[in-house]
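Biologist: Could you take me through this model? I would like to start with the fold and then look at some details.

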Amino acid sequence: MVVIRLARGGSKKRPFYSIVATDKRNRRDSNFIERIGYFNPQAAATEQAMRIAQDRLTYWTGVGAQISPTVVRLIKNNPAI
């Protein structure tokens, strides 16, 4: 089963998350099928904190991918998407 979830990147105490489509059995930061966006919780006021390719999100949900609760919450809280 394919799931859309966050994969952590960045350095220690400076998190940066990629929003990825991956197999549910893979580890959090391991191989993924496609990177469809990012989330930067420590973005400055002039930077974009979150970006997601809406067409790719629609595609993956259309073929049966599940979205993690965290990604659903981020999408709902970000009106620009």
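This is a predicted model: local features need pLDDT of at least 70, side-chain atom pairs count only at pLDDT 80 or more; totals for chains, interfaces and linings use all residues.

Biologist: Understood. How many helices and strands does the chain have?

Modeller: The chain has 2 helices and 5 strands. Read from the N terminus, the order of its elements is β-β-β-β-α-β-α. The radius of gyration is 12 Å, close to the 12 Å that the globule rule gives for 81 residues, so the chain is as compact as a globular protein of that length.

Biologist: What box do the C-alpha atoms fill?

Modeller: Along the principal axes, the box is roughly 35 × 30 × 20 Å.

Biologist: Let us turn to the strands. Is strand 3 mostly covered or mostly open?

Modeller: Strand 3, residues 34–39, is mostly covered, with 5 of its 6 residues buried.

Biologist: And which strands pair with strand 3?

Modeller: Strand 2, residues 14–23, pairs with strand 3 in the antiparallel sense over 5 bridges. Strand 4, residues 50–52, also pairs with strand 3 in the antiparallel sense, over 3 bridges.

Biologist: Which residue is the bridge partner of valine 20 in strand 3?

Modeller: That partner is arginine 35. As for the pairing with strand 4, glycine 37 has isoleucine 52 as its bridge partner there.

Biologist: A change of topic: where does serine 68 lie?

Modeller: Serine 68 sits in the loop between strand 5 (66–67) and helix 2 (69–77).

Biologist: Why does serine 68 count as buried?

Modeller: Its relative accessibility is 13%, and buried means under 20%; serine 68 therefore counts as buried.

Biologist: Which residues does serine 68 touch, leaving out those up to four places away in sequence?

Modeller: Serine 68 touches Val3, Ile4 and Arg5.

Biologist: Looking at the chain as a whole, what share of the contacts with a separation of 6 or more comes from residues 24 or more positions apart?

Modeller: Such residues account for 34% of those contacts. Buried residues, for their part, make up 32% of the 81 residues.

Biologist: Finally, how many positive and negative charges does the chain have?

Modeller: There are 14 positive and 5 negative charges, and their mean positions are 9 Å apart.

Technical notes: Residues are numbered from 1 along each chain as its sequence is written. Side-chain values use heavy atoms; hydrogens and water are left out. Helices (H or I, at least four residues) and strands (E, at least two) are DSSP runs, numbered from the N terminus. The radius of gyration is taken over C-alpha atoms; the globule rule is 2.2 Å times the number of residues to the power 0.38. Buried means under 20% relative accessible area, exposed over 50%, partly exposed in between (1.4 Å probe, protein chains only). Contact means heavy atoms within 4.5 Å. Lys and Arg count as positive and Asp and Glu as negative; His and the chain ends are not counted. The place of a charge is taken as NZ of Lys, CZ of Arg, CG of Asp or CD of Glu. Two strands pair if DSSP finds at least two bridges between them.
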